[in-house]
Amino acid sequence: MSTTEENEILHEYDGIQEYDNPLPGWWSMLFVGSIAFAILYQTLMWMHPDTLGMHARYEASVTNMLQKQFASLGELEPDEATIMGFVNDPEERKWLDVGRAVFQTNCVSCHGRDGGGSTSAPNLTDDSYINIKQVADLPNLIRVGAKQGAMPAWGNRLLDNEIVLVSAYVASLRGSNVAGGKGAEGEVIAPWPSN
Ligand code: HEC
């Protein structure tokens, strides 16, 4: 840094002198410029949070996909015939994948990856059930929950069709008796109807 005569000596201490060297112009411009940009950007984002349109596009594509899927299904009845249709009809079984996706997202934390249960939830792959006597009990129980919320109520967290499809997936788990599953709880119930 240059130390011409114009540079006023501001301090001297123990023989160390401090000169008044101005910051280079480009540096100050960058500094002020970045503050100005930050304010401008924040204001823009505050006024139009979705300026870049990413959130909207993501939402649109997910909704679009779901709409396409569920539009072709219509409004599913949460009854035995509908649920067992997904389990037993080879044409309809593909929908169990959607049920599995719902299960993987919301249920595995307690019921385990393959439905074998855990210390916090019963095994869904054996023939014993605590709250279930027949197929139609599945969507009802999933909607309202059980045991004071130990089994959460999913009625306002999942779409009605998701509840039917996850019920079908849970029904399809019965009898898979996954290795290392939790011991039986409740009572052995009559087999699901076969069609
Ligand atoms: C926070 C832990 C937890 C989560 C998450 C959870 N469950 Fe449960 N679930 C339980 C518990 C605990 C029970 C047993 C309730 C009882 O003992 O009455 C249960 C019971 C059930 C039963 C009845 C089993 C029986 O033997 O009566 C079904 C069916 C079921 N859950 C399905 C699901 C589905 C589908 C999901 C995801 C949408 C899910 N659960 C998410 C804890 C959970």
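**Packing of helices H4 and H7 and their surroundings**

In this predicted model, helices H4 and H7 are roughly perpendicular to each other. The axes of H4 and helix H7, the latter spanning residues 160-173, come within 7 Å and cross at roughly 95°, and this crossing counts as roughly perpendicular because the class runs from 65 to 115 degrees. On the H4 side, the residues that meet H7 are Leu96, Val98, Gly99, Arg100, Val102, Phe103 and Gln104, while H7 contributes Glu162, Leu165, Val166, Ala168, Tyr169, Val170, Ser172 and Leu173. By class, the contact of H4 with H7 has 10 nonpolar, three polar and two charged residues.

Within H4, which covers residues 96-106, the buried residues are Leu96, Val98, Gly99, Val102 and Phe103. These residues lie on the same side of H4, because they cover an arc of only 160° around the axis. In general, an α-helix has 3.6 residues a turn, so residues three or four places apart point the same way.

Residues 94-174 are listed by UniProt, in an unreviewed entry, as "domain: Cytochrome c". In the model, the end C-alpha atoms of residues 94-174 lie 18 Å apart, and the span is 46% helix and 2% strand.

His111 is found in helix H5, residues 108-111, and counts as buried because its relative accessibility is 10%, the limit being under 20%. When residues up to four places away in sequence are not counted, His111 touches Phe103, Gly116, Gly117, Ala121, Pro122, Leu124 and Met151; Phe103 is also among the buried residues of H4. Asn161, which lies in helix H7, is likewise buried, with a relative accessible area of 9%. Leaving aside neighbours within four places in sequence, Asn161 is in contact with Phe70, Leu73, Gly74, Glu75 and Leu76. For one of these, Glu75, the C-alpha atom is separated by 6.7 Å from that of Asn161, although the two residues are 86 residues apart along the chain.

Most residues other than glycine have a negative phi. Lys147 counts as exposed at 69% relative accessibility, and Gln148 counts as exposed at 84%.

Conventions. Residues are numbered from 1 along each chain as its sequence is written. This is a predicted model: local features need pLDDT of at least 70, side-chain atom pairs count only at pLDDT 80 or more; totals for chains, interfaces and linings use all residues. Side-chain values use heavy atoms; hydrogens and water are left out. Buried means under 20% relative accessible area, exposed over 50%, partly exposed in between (1.4 Å probe, protein chains only). Helices (H or I, at least four residues) and strands (E, at least two) are DSSP runs, numbered from the N terminus. The arc is that of the directions from the helix axis to the C-beta atoms. Axes are lines fitted to C-alpha atoms, for helices over the stretch in contact, and angles run from 0 to 180 degrees between N-to-C directions. Angles under 35 degrees count as roughly parallel, over 145 as roughly antiparallel, 65 to 115 as roughly perpendicular and the rest as oblique. Contact means heavy atoms within 4.5 Å. Ala, Val, Leu, Ile, Met, Phe, Trp, Tyr, Cys and Pro count as nonpolar, Asp, Glu, Lys and Arg as charged, and the others, Gly among them, as polar. UniProt positions are given in the numbering used here, feature names are shortened, and annotations may be inferred rather than shown by experiment.
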